[in-house]
Amino acid sequence: MKSTNGLGAWLEERVRWSQLTELGKKKEVPQHGHTLWYYFGGISLYLFLIQLVTGILLLVYYSPTVDGAHSSILDIISKVEFGWLVRSVHVWAANLMVLAVLIHMFSAYFMKAYRRPRELTWLSGMALLGLVMAFGFSGYLLPWDELAYFATQVGLGVMESVPLLGGILASLLRGGPQVGELTLQRFFALHVVVLPLIFMGALGFHLFLIQLHGNAAPPSFYRQPAAQRRTIPFFPNFFYNDLLVWLICLNLLSFLAALYPWQVGPQADPLQPAPAGIHPEWYFMAPFALLKVLPNLGPLSSEHAGILLFSLGGLLWALVPFWDQETADGRRGRLATYAGLLVLVALVGLTVFGYVH
Amino acid sequence: MPEDADRTSREARGAPPRRRFFERLLEVVVAGYFGVILYPLYRYLASGPKLVQSVEVTAVTVGTLKDMPPNTAKMFRFGGAPGVLIRAADGTLHAFNATCTHLNCTVQYRSDWEKIWCACHGSRFDTATGANESGPAPRPLLSWKVEVSEKGEIFVTRA
């Protein structure tokens, strides 16, 4: 591609930017019945960018101290112009990002996108999911309101009951004997510096692998004769579709943030009892509900049983590329699909149960 | 991308009015989106002064006369600004806004020179009037009024 206008040609000679679009043009996106799900990776990325921008904006007025945190949030939502909107967008986008990441993960799972040569794409995706959860957990404390305080107490308590490393990790995160100033400072440092740095590294690796291997298609796509497989170029066709989806996301996000602005509770007071009906954010609801319903199993306490179940399940889930490899006859591994459906139903069921119970 | 843009603009020149209309409309919508994002962004960042409670200070007490022998000075706070109260060698009292008129450093009293001096760029000011005498400072220091009560308390008020 040659640019004929002055500035374009000048830049082309110096930064060779056309190589970027050439790279995008080489990549083909498969077209099939499940193409829709491809957009959720892009949506997750887009919401991360929104978080980056709104997070930096909040950083301008937020004060990470026990005395100042809650009142600085109140200042942001009541005194700073459009501050309520910036904060509301940050919280809404955080929740939507978790949702988009989960949809992206399940779609990759059911399309068997983790199979050779994309095992590391799947594993880096699992790492990104963990980081998103860590973002949620650390960010939740920062407003220093009642719910944030108890959510952190409970979260660290669960961590503490994990044998061996749990106690060490929990006290490292807590910083002191109680959830307090030291905890807030740590969570702040994690949320705004440590996690973003790690996240961007992992995200870069994830995107690099996707560029390298292209989009994975479900096994049914590859069973078609080569001549019948339809694809479209990533650039510009799929890219423009992506932009359109991002625009829809922006509109939806503005709509939600403006009409349902996120509230902030009363300031955390360690001497007050936890309010009735307290529960974690929806994306931590499933394990929370499981801990509530699990009985003590023999020598295992219900907490240990829940933790064991979730860690083993998570480990099996993360290692799916290695136990659901492509078979010689090209038939799909039904076991993995049924396991995935079971996990999906269990997670949704436990979440709903957690809310109604 | 530039190639596509070239083609679009070539087509636009000879394009039917309806197409040209929609292209303009698209540009307006895109500009509108940037507007509705950048305007709140600016207002958000410009809200800082609203968070600082500004109580108009008109007078402050800066110690007593017996604490200030001649040829000494005392720094004090006047609202949000730093102030310097000087008892000159001849016993007279003078108060100034200690913000240097050059580049906003805070000035100090040099008893060895009996001058007000800015350490940042070496400007010197007259102790009695605050007049800029040497160095880069372009204007005299802002001077405040000093009053002494019967008990010997020193008050500084806006002149």
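Analyst: Let us begin with a single residue and its surroundings, bearing in mind that this is a predicted model. Lys66(B) sits in the loop between strand E1 (59-64) and strand E2 (72-78) of chain B.

User: What does the rest of chain B look like, in secondary structure and in order from the N terminus?

Analyst: Chain B has 3 helices and 10 strands, and from the N terminus on the order of its elements is α-α-α-β-β-β-β-β-β-β-β-β-β. Of its 159 residues, 18% count as buried. If one takes the contacts in chain B between residues at least 6 apart in sequence, 35% of them join residues at least 24 apart.

User: How should I read a pair of packed helices, and at what angle do H5(A) and H6(A) pack?

Analyst: Two packed helices are described by the angle between their axes and the distance between the axes. Here helix H5 (residues 83-110) and helix H6 (residues 119-141), both of chain A, pack at an angle of about 160° with their axes 11 Å apart. Because angles over 145 degrees count as roughly antiparallel, H5(A) and H6(A) are roughly antiparallel to each other. H5(A) passes H6(A) in a left-handed crossing.

User: Which residues of H5(A) and H6(A) meet?

Analyst: From H5(A) come Ala94(A), Met97(A), Val98(A), Val101(A), Met105(A) and Ala108(A), and these meet Trp122(A), Gly125(A), Leu129(A), Val132(A), Gly136(A) and Gly139(A) in H6(A). The residues of this contact divide into 9 nonpolar, 3 polar and no charged.

User: How do H12(A) and H13(A) pack, so that I have another pair to set beside that one?

Analyst: Helix H12 (residues 285-293) and helix H13 (residues 302-318) of chain A pack at an angle of about 140°, with their axes 8 Å apart, and H12(A) and H13(A) are therefore oblique to each other. Their crossing is right-handed. Pro287(A), Leu290(A) and Leu291(A) of H12(A) make the contact with Ser302(A), Glu303(A), Gly306(A) and Phe310(A) of H13(A). By type, the residues of the contact of H12(A) with H13(A) are 4 nonpolar, 2 polar and 1 charged.

User: Which residues touch the most other members in the largest nonpolar core?

Analyst: A core is read by asking which buried nonpolar residues are joined through their C-beta atoms. The largest one has 60 residues, and those touching the most other members are Leu47(A), Ala93(A), Met97(A), Ala108(A), Leu141(A), Trp144(A) and Ala148(A). Among the elements of chain A that give two or more residues to this core are helix H3 (39-59), helix H4 (69-78), helix H7 (146-160), helix H9 (181-213) and helix H11 (234-259). H5(A) gives the most, with 12 residues. Leaving aside residues up to four places away in sequence, Leu141(A) touches Ala148(A), Thr152(A), Leu184(A) and Phe187(A). A second, separate core of 20 residues includes Val84(B), Ala95(B), Ala98(B) and Ile116(B).

User: What is phi for Lys112(A), and is Lys112(A) buried or exposed?

Analyst: Phi of Lys112(A) is near 55°, a positive value in a residue other than glycine. Lys112(A) is in the loop between H5 and H6 of chain A, and with 23 C-beta neighbours inside 10 Å it counts as buried. Asn71(B), which is not a glycine either, has a positive phi of about 60°. Asn71(B) belongs to the loop between E1 and E2 of chain B, and with 16 other C-beta atoms within 10 Å Asn71(B) is partly exposed.

Note on methods:
Residues numbered from 1 in each chain as written. Chains lettered and ligands numbered in written order. Predicted model: local features only at pLDDT ≥ 70, side-chain atom pairs only at ≥ 80, totals over all residues. Axes fitted to C-alpha atoms, helices over the stretch in contact; angles between N-to-C directions. Helix = DSSP H or I, 4+ residues; strand = E, 2+ residues; numbered from the N terminus. Parallel < 35°, antiparallel > 145°, perpendicular 65-115°, else oblique. Left-handed = near helix turned anticlockwise from the far one by under 90°. Contact = placed C-beta atoms within 7 Å. Nonpolar A, V, L, I, M, F, W, Y, C, P; charged D, E, K, R; others polar. Buried ≥ 20, exposed ≤ 12 C-beta atoms within 10 Å, placed from the backbone. Core = buried A, V, L, I, M, F, W, Y, C linked by C-beta atoms within 7 Å.
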